[in-house]
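Hi everyone, thanks for making time. I'd like to walk you through one structure today, so let me put it on the screen.

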Amino acid sequence: SQTLVAFSVANQLPNTYSLSQAAFLCGSVGLAPYAMPGTDALAESIVEKIKTHDCVIMANHGVVVVGVTMIECYQKFEALEFCSRAEIRARILGGQKLLLSPEDMTAQAQALSTITEGTKRPMVTPTECDRRASLVKFVRRLYDQGLVHSTSGAMSCRLTRKSFLITPSAVDRRSIQLEAVSYTHL
């Protein structure tokens, strides 16, 4: 990652709290102090930071990302790279605006865990099937064009005045399936 290497050479950290998906996936980023490549000192500095961070920038080297699966690691890495590029571009344009604080992220996670569906699901219609397929195709196309990263936010399309289809957050956009799209009634 050229952008993350740039942050490592500058001995700076990208602020993931400027983009909600990066904050959600990566949390805050740690900075491991410089040590020679391949040395125990470098390994120890990484291990120390991995205790409290899933993403660690190694000064003058690059980045280490940890997760339960390789897909999770890739998604964190991609979100961190996307966030880093956005931060550099925002600085060029005159400044970065933080959207979320760690407290905001905690509140958002708690709110998402308490959402329940309050209405009975109506029968699936041919229109819904078509829109579901179109939404999945659109999301994949956005990913293929590089306009979103693999876990970018959520995309939706309206079915009726009071219902819509929505993609889940933190699901890989390049391999999203029709079943991942959920129905929501207002």
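Let's begin with helix 1 and helix 4, which are roughly perpendicular to each other (angles of 65 to 115 degrees count as that, under 35 as roughly parallel, over 145 as roughly antiparallel and the rest as oblique). Before I go on, a word on the source: this is a predicted model, where local features need pLDDT of at least 70, side-chain atom pairs count only at pLDDT 80 or more, and totals for chains, interfaces and linings use all residues. Residues are numbered from 1 along each chain as its sequence is written, and side-chain values use heavy atoms, with hydrogens and water left out.

Back to our two helices (DSSP runs of H or I with at least four residues, numbered from the N terminus, while strands are runs of E with at least two). Helix 1 covers residues 2–9, and its axis lies 8 Å from that of helix 4, at an angle of about 65°. Those axes are lines fitted to C-alpha atoms over the stretch in contact, and the angles run from 0 to 180 degrees between N-to-C directions.

Which residues of helix 1 meet helix 4? They are Thr3, Leu4 and Phe7, and their partners in helix 4 include Phe77, Leu80 and Ile88; contact here means heavy atoms within 4.5 Å.

Now for the charges. The whole structure has 6 salt bridges, each a side-chain nitrogen of Lys or Arg within 4 Å of a carboxyl oxygen of Asp or Glu.

Lys76 lies in helix 4 (residues 70–92) and Asp54 in the loop between helix 3 and strand 2, so the pair ties together parts that are 22 residues apart in sequence. Is Lys76 buried or exposed? At 3% relative accessibility, Lys76 is buried (under 20%, with exposed over 50% and partly exposed in between, using a 1.4 Å probe and protein chains only). Asp54, at 31%, is partly exposed.

Lys76 also forms a salt bridge with Glu72, at 2.9 Å. Those two are 4 residues apart in helix 4, about one helical turn. Shared partners join Asp54, Glu72 and Lys76 into one network.
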